[in-house]
Amino acid sequence: MTGTLCSPWFWISALALALLSLFVLYPLLNVLTASFTGEGPNGWSRLIATPRYLQAIQNTLILATTVTVVATLIGVPLAYVTARYSFAGKSLIALLPLITLVIPEVIAAQTWLMMLGNNGLITRALRDIGIRLPSFYGWFGLITSMSFIYYTYVYIGVVAAIGKFDAQLEEAAQSLGTSPARSRLKVMVPVILPAILASALLVFTMTVGNFAISMILSHRLPLLSVVTYQAAVAEGASDITMQSTLASVSVLIVMAVLFLNRWVVARGRYEIVQGRGARPQPLRGLKGAAVALAAGLVVLISLLPLISIILGAFTQARGPVMQWGNWTFANLERVFVTAPQPLINSLTYAGVATGLSIAFSAIVSYVVVKKPNIFTPFVDYISAVPLALSGTVLGVALLATFHGGWLPLSGTATIIVLAYVIRRMPFGMRNGQATLHNIPNSLEEASISLGVPPVRTFFKVVLPVMLPAIAAAAVLTWTTTVAELSASILVYSGGRETLPIQVFRLIDSGLMAYASAYGLVLVAVILIPIIVAAKLFRIDVFAAK
Amino acid sequence: MNIKPIHIVAALTLGLAAPALAQEPVLYTSNPVQAYEAVQANVKAETGLNLDVITGGSGVLLRRIEAETSAPQGDVFWSSSTNTLGAFEQLFEAYASPTLEAMPDDLRYPGDLFLPANVHVATMLVNTDQLDGQEVPVNWADLADPAWSGRIILPDPVNSSTGYTIVWGLSKLLDEATYKAVVANLVISGSSSAVPRGVAMGEYAVGLTFETNSYSYVDGGQTELRIVYPAEGTFISPEYAGLIKDAPAGENAKKAIDTLLSKETQIELLKVAFRRPSRTDINVSDHVGLPDIGNIKVFAVDEAEAAEQRDAALAAWAELPKAGDAK
Amino acid sequence: MGIGIENLTVTYGAENVISGLSLDIPEGCFFTLLGPSGCGKTTLLRTIAGFVPAAGGTIRFGGQDVTRLPPHKRAIGMVFQDYALFPDKTVNQNVAYGLHARGEKGPTVTGKLTEALERVGLGHLGDRHPAELSGGQRQRVALARALVIKPAVLLMDEPLSNLDAKLRVQIRETITELQRESNITTVFVTHDQEEALSMSDLIGVMNKGAVEQLGSPQEIYSAPRTAYVADFVGAANRLSTRISLAGDGMVSAELCGARILATDARTGGGTEGILILRPETLHLSRDPDPARQTLPATVKSRQYLGARTSYRLHLAGDIQVVADLHGPGHDGFQPGETVSLGIDPSQARVIAA
């Protein structure tokens, strides 16, 4: 129809599809096909012939499943008591989501070692009373540290769902004669299950893709992300067979889980019933104290890394050795004066990436939701593909694709920004689509019926209504982009280090004091926009998740 | 040289346009921040040039240089020992730096294709708080005692030249039974820097690593740490710098090498990064608490043979049971 | 200006939602599209508005063919079920929105704005945001916003369905008044027969994408031409019957072994028909009324509704009929009683089966 060709939305969706194909699909296909082509025997036969790789896949699956279960077991009860009860120190729990987002994983892993490593505080204390903990390297450490980082994603997702859950349903079940505990199970669980599943899925994929903690804590235990990285080190970029094969395995695992999740959700026909949320009940006495203590403990454990980087940032060090108790500003001076490039880089790249990602997701999700055409389903699917890609996989794919040829991007700042945008854009898209589904079509039609053409209507009516959600998404994109490590560490080049890369490098060089200083500045860079958004614009950043 | 986890970056950036200004020299190195920052500072002071640094594992960087041969992006390479460099000679050009006069002949590379920049010495880093009743080991063979099982950490020889140098040396120095017993006690670390850090944190009682990595913790004031140069003799490995063929920075690249090998820079590297100089005109013990090379018993190994048999040696190594194995 | 629809076809995928519909809505007419959900009434309205493209046929506003004109150029005013007020804008900004779009500025806008808000009785709420208004107030703002631009046609999509019963009556009056005053041709979509009957000049009852009957409220109610219309507009007893002509526009219909006289409202001939009996046109007496034609019946159950009583009756041959009685003594019959059901020939209508 000539009508569609004239429509600007048609061209926008075509452009979006072209960009997504070039920067998401093409690199991904490059990696997937490289596992078959390449020099020598193809990657898959080498994979099957190498017990270490098979072991890595098995371990990764076991780890991801266990971490998902443990994180859910911590996150859901915490979300429930927070949403339904008020108790002493509850406001502290509101800090939880921030904590995970702002603490670089490397630092978290290091802190865990200080507590539970062979010479950790807790390990030693327990050894003194005759209890020997298993070595923190390997399963114990991986499961503990990842669970205590990732449970917050479950918490954030589920607390919102419980908050919106219509308490009348629970009352209705009770009025029909089921006990309160059973009513909860029977009525609430099915309703909040999609939220639990969605966040569990997120935890699973993040565990599969985890790079920093796996590197530090896995030691001899082969894990997919670590062997992928090691294959990449061994192969370089000229022959990418094995790294591509292993990257493909991780993509396949995540895809399988995504489909499983979709299938479960689709079968259940779950729908979040929005209604009168329950008012938090005050908990007092022994029960209140117990809940406050348990919740407080979880928060405290999550906060430990933050405390350690604050102390570390102001502590004098000689080489790798911290002189605890001797304070200094020298470390921060290095961040701001002597070597400020990582800070400048982070601000620049993350700023540009946030702007691009938000603009892209606002406009494209609008087209997908409100102006569907022949391209939009593809735009929708492909824009979700990066969710299945770990940072390592994305980094491998971008470098393999853009290291030469007609679009040589490697070694430039563009490829870092590109990696940021691709990794975080799906969240912006999801957020944009959710917001747009809540904006009735009639709003636009009202504007059009009043004589304002469609494109101007988008800017005059739709965009202003989306604005609070966009602002929240922008802050969230910023925080996660600034903290991005696993893809950028693959694509950066000399002089383009970002704060997380610098922290990782410094920890690797054993320079904890400098690492803490850069880490602290990173935390500040992440926190300031969140606080400003919350205080100045009353934007609840985590509503956008 | 240590191939560090973070250096994957370069593995994947083959054929990239290096982001350097035309005349400023670019250094490719796997060495840590403290070391290359000292060099950067001295290059700036001596020549006024800004030395740009690309970091990465040494093997990775060498492959990158190989991929860039048609349009080289780097000027100077500073990493690696003979056993790694041998295969990449064609990427470099000889440079008869005036600083070579101060280098001992036995460290010089045939034809001066590479220039000796440091000497690494393998050591045991011992945390005396973690001995649990054991004596501080003085011989490599002492580590064969099953009491050490799971308490000794070594960088993975597959990824790290430090690890390989030590494993190769031990396999030559010790009889087979003792060697296997030592290996059975080892925990393997994927990250080289995790070795001294692990010992310093008390995670492990003994770490096998080069003195440059160990000593920074001793220097930092951790008095419970002891550096042991085993009495049977230890292994040394010179680290080289090389001028990349057709280096775009031209004369500036040579200036950077001269500065790297100058007495001032070598002393600075010794002081901040505890890298033992290759020059004969520096007394190590004058500057840091490390013994002069003359006071260390060295067990000579054939680096050429080590390089040649690397694959076979690593395959044999992979078969041996170790303490850190996943069950 | 009037609306002329000719041979209109609307497709959704491969399916024809509306095929070959023709309709003329005279200028100044309050026209209602009445029908259950899914009958195509909203699709027709949205096609008139231009939000749904016509696959075939033409739509004219006045004499002008607007079929290919995008909605923002059609000079329509539209009122939506969910009000569709811009949540980020004040009442004033909402109402002035269309005026600004037309390039109007300054005092003209202020003047028109004040007048429009006065007319819906909201002059004092101009600075509020929609969230601070009640449902009724919101719908008044929406009305003012659609009318202030003096549209060629006013389109309303179930504008009253989100309001409670009392408000609905109030707004109904406001809408009728404003429409009469402005004399803007109006298309009003509803599934509520009471709204349709009370507000409209002309009603089109829609079924499966076609207008099944077009007529004044009185015609639609008292002279439904199909069982569907009779059923949808008001309650009706529908009884299959065999008929024979009785002359003078009357037929004789067979019912429970008896024959009763009824008005012939069939479009064609034949011997099969459906007898339509509106419950409120039926009479009940204890004894057969010699002045009427009656049938014997038994009271099965009754519902007392205050102003009237609704009786469920059983006729011979297991036929059920509902009769509503008004006036004094309407609640005088008890379940189980045997009664006479009186049928007025002019109120009993036979339509084609």
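## Basis

The model is predicted: local features need pLDDT of at least 70, side-chain atom pairs count only at pLDDT 80 or more, and totals for chains, interfaces and linings use all residues. Residues are numbered from 1 along each chain as its sequence is written, while chains are lettered from A and ligands numbered from 1 in the order in which they are written.

## Domains of chain B

Chain B comprises domain 1 (5-119 + 237-290) and domain 2 (120-235 + 296-319), with bounds from an automatic or database domain assignment. Their centres, taken over C-alpha atoms, are 26 Å apart. Domain 1 of chain B contributes 19 residues to the contact and domain 2 of chain B contributes 16, where contact requires C-beta atoms, placed from the backbone, to lie within 7 Å.

On the side of domain 1 of chain B that touches domain 2 of chain B, two or more residues each come from helix 4 (82-85), strand 5 (114-127) and strand 10 (236-244) of chain B. Helices (H or I, at least four residues) and strands (E, at least two) are DSSP runs, numbered from the N terminus. Helix 4 of chain B gives the most to this side, with 3 residues.

## Sheet of chain C

In chain C, 5 strands form an open antiparallel sheet in the order 15-19-16-17-18; pairing requires at least two DSSP bridges between two strands. Strand 15 (283-285) and strand 18 (319-325) of chain C are the edge strands, each pairing on one side only.

Strand 16 (residues 293-304) and strand 17 (residues 309-315) of chain C pair in the antiparallel sense over 7 bridges. C:Gln303 has C:Ser310, in strand 17 of chain C, as its bridge partner.

Notes. Contact = placed C-beta atoms within 7 Å.
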